[in-house]
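User: Can you walk me through this one? Keep it quick.

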Amino acid sequence: MTRSLLSIEDLRIGFAGSERLAVKGIDLAMAPGERLGVVGESGSGKTLLARAILGLLPPGAQRRAGRILFDGQDLTDLSPATLRHVRGRRIGMVFQEPMVSLNPALTIGRQLGEGLILHEGLSAAEVRRRSVEMLDAFRMVDAANCLDKYPHEFSGGMRQRIMIASALLLRPALLIADEPTTALDVIVQKQVLDLTLAACRDLGTALLLITHDLGVVADCCERVLVMRHGDPVTQGPVDPVLLRPSDPYTRQLLHSLPRRQGVETAPAAPAPPLLSIKDLRVAYPARRRGLFRRPPARPVLHGIDLSLARGETLALVGESGSGKTTLGRALLGLAPVAGGRVSLDGQDIATLSAPERRALARRVQMVFQDPFSSLDPRWRIARIVGEGLTGVTAAERATRVAAALSDVGLGDGFADRFPHELSGGQRQRVAIARAIIMKPDLIVADEPVSALDVTVQAQILSLLKDLQRRHGFSYLFISHHLGVVEQVADRVMVLYRGHVVEEGARDDLFDRPTHPYTRRLMAAVPEILPDGDGFRAGHRPLPAPVPLPGLTPVEQGGVLTLLQGGHRVRCAAP
Amino acid sequence: MGAYLLRRCLMTLPTLLIVAVIVFLLMRLVPGDPVSVMVGDMADPATIAAITRNLGLDQPLPVQFLHWLGNILTGDFGTSITTGEAVLPAMLHRLGVTAQIVLISMTLAMLIAVPAGMLAAWRQNKGTDMVITGLLVLFISVPSFWVGLLLILLFGVELGWLPTVGYVAITDDPLRGLLYLILPCASLVLVEMGVVARMMRSGMIDVLRLDYITHARAKGLAEGPVLWRHAFPNAFAPTLTFIGLLLGSLLGGAVVIETVFTLPGLGRFLVDAIEARDYPVIQGCLLLVAMIRILVNLAVDLAYPLLDPRVQL
């Protein structure tokens, strides 16, 4: 075996005032230039492991035992000043949230240059040259200009590219990336990962990739370490450790990955739709500029047509900024509608009086993405779930709350607890109970499982499906995650910059994606697909593109054209 | 920026008009008659009627208001009923006294409190933090007049180093003027420091948790640059808002301190005028105080983009 670059021996990490260990004896070794993935669900200790290497454990966390050898030097023995010499120069680190990992108050140039000035003592001109060169390598347009801008002037994907460029600028021997693409859209994620891997290869930098996304690890890494509750579960080459797993936990993880199940439901009988949206337009008012002038409102949705039958699940797919969340909010009257018609059960929402609208609002309930901020931390679960019930006796309320909680699989014991006493998955169950207690016709679920671990996600998805079978409501399911959509949706609509670019029954759309954007979206997801006894990493195979006249790569116009059986795609107007 | 400034200045006009109406009505609605205060109980009805007519107090309220507003717009705030002084110059003179002690003490307080708050946050829950936080709580809980009295007792009476009460304008006699400022400023500093440092500490604790701080450390930066270059600008913004509020209220009159040290400041001017039902002075002072607050807030808003490039004016 080659000399190892990083070797961790029996690392144990605990929190002050507690005997329990959060990381329980991890051993790992990395060769120069190697790519190692560390996967695990929340609470597995993977982030603590990453932070411990540079001595950047969060307050309260302590290394209890173990050595961290880097280039033969024990990092845990170094004085703070010597350790600072390793940080940045020999080991670079990037974090998950591109929105908070760059300092909003300093220009990009200053943040990029800092390390070069500190560790290499370069002149200002040289720092600038090196920064521009690295940003160019990360395909930043007009790199020289970027240096004088502030982080908020860039999108999430661009910030993450800047961030990784800044870590690689000092040509470190090791890059530690903690969930570097989790907050990004799939197409951007692929671009960032491809650029990072290419840069690491060019510089000979080893990559320690911390992630919960098994597909990303299988796509990017040579070896993998699976962690659970601080324990190392298994370690070794991606194939076979991840792709033909022998241990039960890794198998469970892989089997929890969302994928298509069963046959799609038969097309609904031609009953009047529950929800019908015609030519919906939403525009947000722009900021006032100058003394009195107010620029025209910024359009977010450009004429959306949609209909949803009772008991049907329609998924809205798209990247951030595509307008999928706005569409969900517009149904509830929470977005500035600039035109079009939304009708529920044949009633036009715009013509209703205020009390009628409130009554209608009860029939449409919402489940949000973040189970931590969507529940009031000062309220007990019973109060949260029962709040929407009005005009019922206390006894009836209690009965219905208990029924709703048991519907979502939470026993009696939960009614008196507070949200912070619950896990993420349990909180999301509470949010669902809060919605179904109103006996709604329609539930708008905005990324309901994105914040959850894959095993919990699988449970919540099957719960949602099960509740729908029992109560018969419809879902408008908003998600950026194609796998999740494929598992739950009957029909799918793909949104791009406020336009519907393609829609159709699930199987039609996933088996015959036609629009270039839909195809890019599907090609970007690194997946782990079942393959005989084991699994196979890679990207979804796409059928040959359909030669369709007028199918342009970027569609700012065009009309939806019917292909077959309700499958429509946006083409240039004939 | 220019357009923003202009719009903000125009927006202050309705605010000031509302303040003017309220101030005017408030004075007319409270029971008590300034004329009888002026001439005493013994004056005969004819004299009272004559004075009332001279002051315009017999006119209908709207007429009185428009008349008063017109005068104010031309810079005539009237004359004090009790002393006969012109109100505007008297107010400005007293504002000068208040501004001196408030601005000096606020500058000193910030110089001490900001680093102290940052240090406490950096050493959160360690010994240093406990000591600093403990002292801050002490400073906040002790009333300013009591601190003032203790300082007078120690430095004025016991040690005899500093003058106890009174005021000498710095323009008249720089050295003696300075000596008279030391004690009032010191007692204000202690009070201001406590709140400013607590704000700074909590703002800093929030910022130190963020990824870009860890990222800065991961680059190999020493703690000094991490704290001052990366954390300070982001942590200082909420403190600045608070300093603005505090400054606005103190410039409107640090009444307690002015009373303890018998300084001829704006706050005491107003309180004395209220006791004497000196309508023109009360109205003038209240308007001036409102204007000061608006201006200080405007200044704080304009300073924001320096700390946070995301804020665009």
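User: How do strand β11 and strand β12 of chain A pair, parallel or antiparallel?
Analyst: This is a predicted model, where local features need pLDDT of at least 70, side-chain atom pairs count only at pLDDT 80 or more, and totals for chains, interfaces and linings use all residues. Residues are numbered from 1 along each chain as its sequence is written, and chains are lettered from A and ligands numbered from 1 in the order in which they are written. Strand β11 (residues 275–284) and strand β12 (residues 298–308) of chain A pair in the antiparallel sense, over 8 bridges. Strands are DSSP runs of E, at least two residues, numbered from the N terminus. Pairing takes at least two DSSP bridges between two strands.

User: Which residue is the bridge partner of Arg281(A) in β12(A)?
Analyst: His302(A).

User: And how many bridges join β11(A) to β14 of chain A?
Analyst: 6, and the two strands run antiparallel. β14(A) covers residues 337–344. There, Arg341(A) stands opposite Lys278(A).

User: Switching to chain B. How many helices and strands?
Analyst: 13 helices and 0 strands. Helices are DSSP runs of H or I, at least four residues.
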